[in-house]
Amino acid sequence: MFSYRHAYHAGNHADVLKHLTQVALLHYLAQKDTGLMVVDTHAGAGVYRLDQELARTSAESDAGIARLVAAEQAAIGQGQPVPPAVAAYLDAVRAFNPDGRWRTYPGSPWISQSLLRPQDKLKLFEVHPTDTKVLEKQVTELGKGKQIEVLRRNGFEGLKALLPPPTRRGLVLIDPSYELKTDYAAVIDCLEDALRRFPTGTYAIWYPVIARPEAHALPRKLKAVSERAGRGWAQAELNVGFTPTEGTSAQIAQGRAHTAMRASGIHVINPPYTLAGLWREALPFLTQALREPQGAGWTVEAGTA
Ligand code: SAM
């Protein structure tokens, strides 16, 4: 049923924005001792090899994490500052690449598990038959026992039973592939329900910025759902600009050619008060590092409760 495999996209510009935000949220939430429940409703396979077949097919990380690493090195070489959220994200990925060869890319479950404290729990939903097996195998090999649980079921539905977390502290990552058109409405329904059960949780929802009516409406609907629940929110978008278009010149002229996704966004409900500021420092650096020749840009918006 599902053809999406995150391994083809690991470490691309959308992962950079999403995982930079995830690291910032986890660092902030770890400042309080009380245990945290992290839920990943759409986990993927866990951790990816950037030098193996699936990732090399599209080589999206070359224009993502690889460019960011180069920009960090250039900044350091020139004595320029690296924004704190960029440095923290790259440090989290670097921890999986101690040889400095950047062959391993941690997906969201692996970023979470690397930042968990003993009192925290991680719940991972995944439905793809192959990726579920890979994820379960990798989680077992970590040897963290009951701290990390893989749930082979629909994350939109399964989230209900986990909320509110026993400690009333939680981070929920919602990162569908939007392969199904119904995912757009499912995100909103899932959030409305989750905010009723656990209004004070932190929720991070990734979305693609693509030419599709449901995608176009989603950022606005995410703000509306946050405001209806009386919660503060923050939203960031990163557009890396024009990317190579595959197709004949006639297809390109007719708008029928395949164009890689060039922009994405992330919406956070109940964000740390520091998040918008961290993004405003980080996004110009990301834009500069990842941009194609034309059309790149970024936005950060926030709304109070
Ligand atoms: N969050 C991952 C990361 O950042 O590393 C990437 C996730 S990928 C964009 C989306 C994943 O959701 C795919 O692996 C897909 O198989 C899975 N998926 C699709 N529909 C799902 C559902 N209803 N519940 C749980 N997982 C689902």
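A cavity is a set of grid points where a 1.4 Å probe fits but cannot get out. The model used here is a predicted one.

**Exercise 1. The largest cavity**

Task: State how many cavities of 30 Å³ or more the structure holds, give the volume of the largest cavity, and describe its lining.

Solution. 
Step 1. The count of cavities of 30 Å³ or more is one.
Step 2. For the largest cavity, the volume comes to about 60 Å³.
Step 3. Its lining consists of Lys18, His19, Gln22, Ser108, Leu173, Ile174, Asp175, Ala204, Trp206 and Ile266.
Step 4. Sorted by kind, five of these residues are nonpolar, three are polar and two are charged.
Step 5. At least two lining residues come from each of α1, β6 (170-174) and β7 (202-209); the largest share, three residues, belongs to α1.

**Exercise 2. The second largest pocket**

Task: Determine how much space lies in the second largest pocket and which residues lie nearest its centre.

Solution. 
Step 1. The space in this pocket is about 310 Å³.
Step 2. Its lining has 17 residues, and Tyr28, Leu29, Lys32, Arg169 and Thr202 are those nearest the centre.
Step 3. Eight of the lining residues are nonpolar, six are polar and three are charged.
Step 4. Helix α1 (residues 13-29) provides the largest share of the lining, namely three residues.

**Exercise 3. The surroundings of the ligand**

Task: Identify the residues that come nearest to the ligand, and find how much of its area the protein buries.

Solution. 
Step 1. There are 20 residues around the ligand, and His19, His42, Ser108, Glu126 and Asp175 come nearest.
Step 2. The shell around the ligand contains four nonpolar, 11 polar and five charged residues.
Step 3. In the side chain of glutamate 126, an N or O atom is 2.6 Å from an oxygen atom of the ligand. For the side chain of lysine 18, the distance from such an atom to a ligand oxygen is 3.0 Å. Glycine 155 takes part through its backbone: an N or O atom there lies 2.9 Å from a nitrogen atom of the ligand.
Step 4. The ligand taken alone exposes 610 Å², and 97% of that is buried by the protein.

**Exercise 4. An aromatic pair**

Task: Classify the pair formed by tyrosine 28 and tyrosine 273, and explain why the pair ties together parts that are apart in sequence.

Solution. 
Step 1. The structure has three aromatic pairs.
Step 2. In the pair of tyrosine 28 and tyrosine 273, the centres are 6.2 Å apart and the planes stand at 80 degrees. Planes over 60 degrees apart count as edge-to-face, and this pair is accordingly edge-to-face.
Step 3. Tyrosine 28 belongs to helix α1, whereas tyrosine 273 is in the loop between β11 (263-269) and α11 (275-290), so the pair links parts that are 245 residues apart in sequence.

**Exercise 5. Backbone exceptions**

Task: Locate the cis peptide bond that involves proline 164 and the positive phi of tryptophan 102.

Solution. 
Step 1. Most peptide bonds are trans, and most residues other than glycine have a negative phi.
Step 2. Leucine 163 and proline 164 are joined by a cis peptide bond, with omega at about -5 degrees. Proline 164 is in the loop between α7 (155-158) and β6.
Step 3. Tryptophan 102, although not a glycine, has a positive phi of about 50 degrees. The loop between α4 (84-94) and β3 (104-106) contains tryptophan 102.

Technical notes. Residues are numbered from 1 along each chain as its sequence is written. This is a predicted model: local features need pLDDT of at least 70, side-chain atom pairs count only at pLDDT 80 or more; totals for chains, interfaces and linings use all residues. Side-chain values use heavy atoms; hydrogens and water are left out. A residue is near a molecule or strand if one of its heavy atoms lies within 4 Å of it. A polar contact is a pair of N or O atoms within 3.5 Å; within protein, one must be able to donate a hydrogen and the other to accept it, and residues adjacent in sequence count only if both atoms are side-chain atoms. Accessible areas come from the Shrake-Rupley method with a 1.4 Å probe; for residues, only the protein chains shown count as cover. Ala, Val, Leu, Ile, Met, Phe, Trp, Tyr, Cys and Pro count as nonpolar, Asp, Glu, Lys and Arg as charged, and the others, Gly among them, as polar. On a 1 Å grid over the protein atoms alone, a cavity is a set of points where a 1.4 Å probe fits but cannot get out, and a pocket is an open set with protein on both sides within 12 Å along at least five of seven lines; lining residues have an atom within 4 Å of a point. Grid points are joined across faces, edges and corners, and a volume is the space filled by probe spheres set on the points. Helices (H or I, at least four residues) and strands (E, at least two) are DSSP runs, numbered from the N terminus. Rings of Phe, Tyr and Trp (its six-membered ring) pair if their centres lie within 6.5 Å; planes under 30 degrees apart count as stacked, over 60 as edge-to-face and the rest as tilted.
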